[in-house]
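Subject: Structure for your review

Dear colleague,

Please find the structure below, together with its sequence. My notes on the sheets, a surface patch and the aromatic pairs follow it.

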Amino acid sequence: MKGLLHALAGVLGFVLVTTFMTSTVVSGLMAGPETIAMIKGLIFKSMFVQLPLLAGAGATGMSLLGKRTAPLGLTKQLRGPRAFMTSLLLLVPASGFLWYRASAGVFDPLYYGVQSIELAGQAFCFVMIGLNIRDGLALRGRIRKAGTKGPQISERDGGPLVVADIPALKAADGSELQNKSVMALCRCGQSKNKPFCDGSHAIVGFDSTAATDESKDEILTYEGEEVTIHYNRLLCSHAAECGRRQKAAFDSSRKPWIVPDNATAEGLREVVTACPSGALRFSRTGEAPEHLQADAKGITVERNGPYRVAGIPLEGARHAQGANPEKYVLCRCGASTNKPFCDGSHVDIGWKDSAGPA
């Protein structure tokens, strides 16, 4: 409800200030003194609608942002007060003065000087409110953030993942899901319209802050005669592709759980290629470790699990040691301690796609 009120107040405020500017210019060029005086009176009176709208948009915006530190949200918080104070301290007295002078039929240099200042103030408010509407749409995943291009994924603090111009969005069975140019994907685990965001993060108070145990960010090596496997457990999403493909070499019930010599080099390459998180790397003895991945690019929604991403950068990401910025998994259940990345918590809590708010 707060989101709707915030949007409504912002749009109505934008419509009003646009109307003020348009009517000022048009009446000044085409209308007679009586019409100008009438319009100036309407503008002055409408300012007492504009001020509550701007105050309401600011208050609901601050409430929606809460303690989040999203740059777009913080920028919006700065613009709103500027538009409000400009309206209160400049536009209200200027419009009142212009109404008084126009009603008296006085259109002298002072009148036009004040009108120029009023127009500049209206233009400033127009820009501030317009930019806030644009950034609000970007925060909600309705449009992509200004100044960005190409396939991209970005986080919204306390909110969804916003994806733009991705090559494909697929279900686990390979079927194509709805793929618009810009989409908001749920990562709180509570949406009733998974994988898409329906605003549930605001209802449940989703916290997108990572609480990673840095001690888990380490690379373990398992050496074989020909091949060495490198593994970072912090990156692992427990997809179990390794165990399904090469059980003899990857068995979590034993120690060490990876024995490279129990599989062929080709079999190990297949496993590392199939690993969706990039937790596994492959190297031949004496050579540098490398990530292996298929050519397909896009996002696959794992059933009861994370988003598997291939070939799409994550804006502003802080990757763990040995991570692959071109192949990783993003949390969808909301429980990962390594947000936005998946750490396998969906398995620990038994999260299912059918989960949603009561």
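Two strands are taken as paired if DSSP finds at least two bridges between them. Strands (E, at least two residues) and helices (H or I, at least four residues) are DSSP runs, numbered from the N terminus. This is a predicted model, in which local features need pLDDT of at least 70 and side-chain atom pairs count only at pLDDT 80 or more, while totals for chains, interfaces and linings use all residues. Residues are numbered from 1 along each chain as its sequence is written, and side-chain values use heavy atoms, with hydrogens and water left out.

**The four-stranded sheet**

Strands β3, β8, β9 and β10 form an open sheet in the order β3-β8-β9-β10, with mixed pairing. Because β3 (169-171) and β10 (327-330) each have a single partner strand, they stand at the edges, and one side of each is left without a neighbour in the sheet. Neighbouring strands here are turned by 20° against each other on average, direction ignored; the axes behind such angles are lines fitted to C-alpha atoms, for helices over the stretch in contact, and angles run from 0 to 180 degrees between N-to-C directions.

Within this sheet, β8 (residues 298-301) pairs with β9 in the antiparallel sense over four bridges, and Thr300 has Arg308 in β9 as its bridge partner. The hairpin of β8 and β9 has five residues between the strands, and Asn304 there takes a positive phi near 55°. Strand β9 (residues 307-310) is in turn joined to β10 by four bridges, and these two strands run antiparallel. In that pairing, Val309 stands opposite Tyr328, and Ala310 stands opposite Lys327.

**The three-stranded sheet**

A further open sheet consists of three strands in the order β1-β2-β4, with antiparallel pairing. Its edges are β1 (152-155) and β4 (182-185); each has a single partner strand, so one side of each is left without a neighbour in the sheet. From one strand to the next, the twist averages 20°. Strand β2 (residues 161-164) pairs with β4 over four bridges in the antiparallel sense, and Val162 has Ala184 of β4 as its bridge partner.

**A nonpolar surface patch**

Val25, Val26, Leu29 and Met30 make a nonpolar surface patch of about 440 Å². Patches are made of residues with over 30% relative accessible area and no salt bridge, with like charges joined within 9 Å and nonpolar side chains (Val, Leu, Ile, Met, Phe, Trp, Tyr) within 5 Å. A salt bridge is a side-chain nitrogen of Lys or Arg within 4 Å of a carboxyl oxygen of Asp or Glu. Areas come from the Shrake-Rupley method with a 1.4 Å probe, and for residues only the protein chains shown count as cover. Met30 lies in helix α1 (residues 2-30) and is exposed, with a relative accessible area of 71% (buried is under 20%, exposed over 50%, partly exposed in between; 1.4 Å probe, protein chains only).

**Aromatic pairs**

The whole structure holds eight aromatic pairs (rings of Phe, Tyr and Trp, the last by its six-membered ring, with centres within 6.5 Å; planes under 30 degrees apart are stacked, over 60 edge-to-face, the rest tilted). Phe44 and Phe48 have ring centres 5.4 Å apart and planes at 80°, so this pair is edge-to-face. Both lie in helix α2 (residues 33-65), four residues apart, about one turn of the helix. Phe48 is partly exposed, at 47% relative accessibility. Ring pairs link Phe44, Phe48 and Trp99 into a cluster.

Tyr111 and Tyr112 also form an edge-to-face pair, 5.1 Å centre to centre with 90° between the planes. Tyr111 is buried at a relative accessible area of 1%, whereas Tyr112 is partly exposed at 43%.

Yours sincerely
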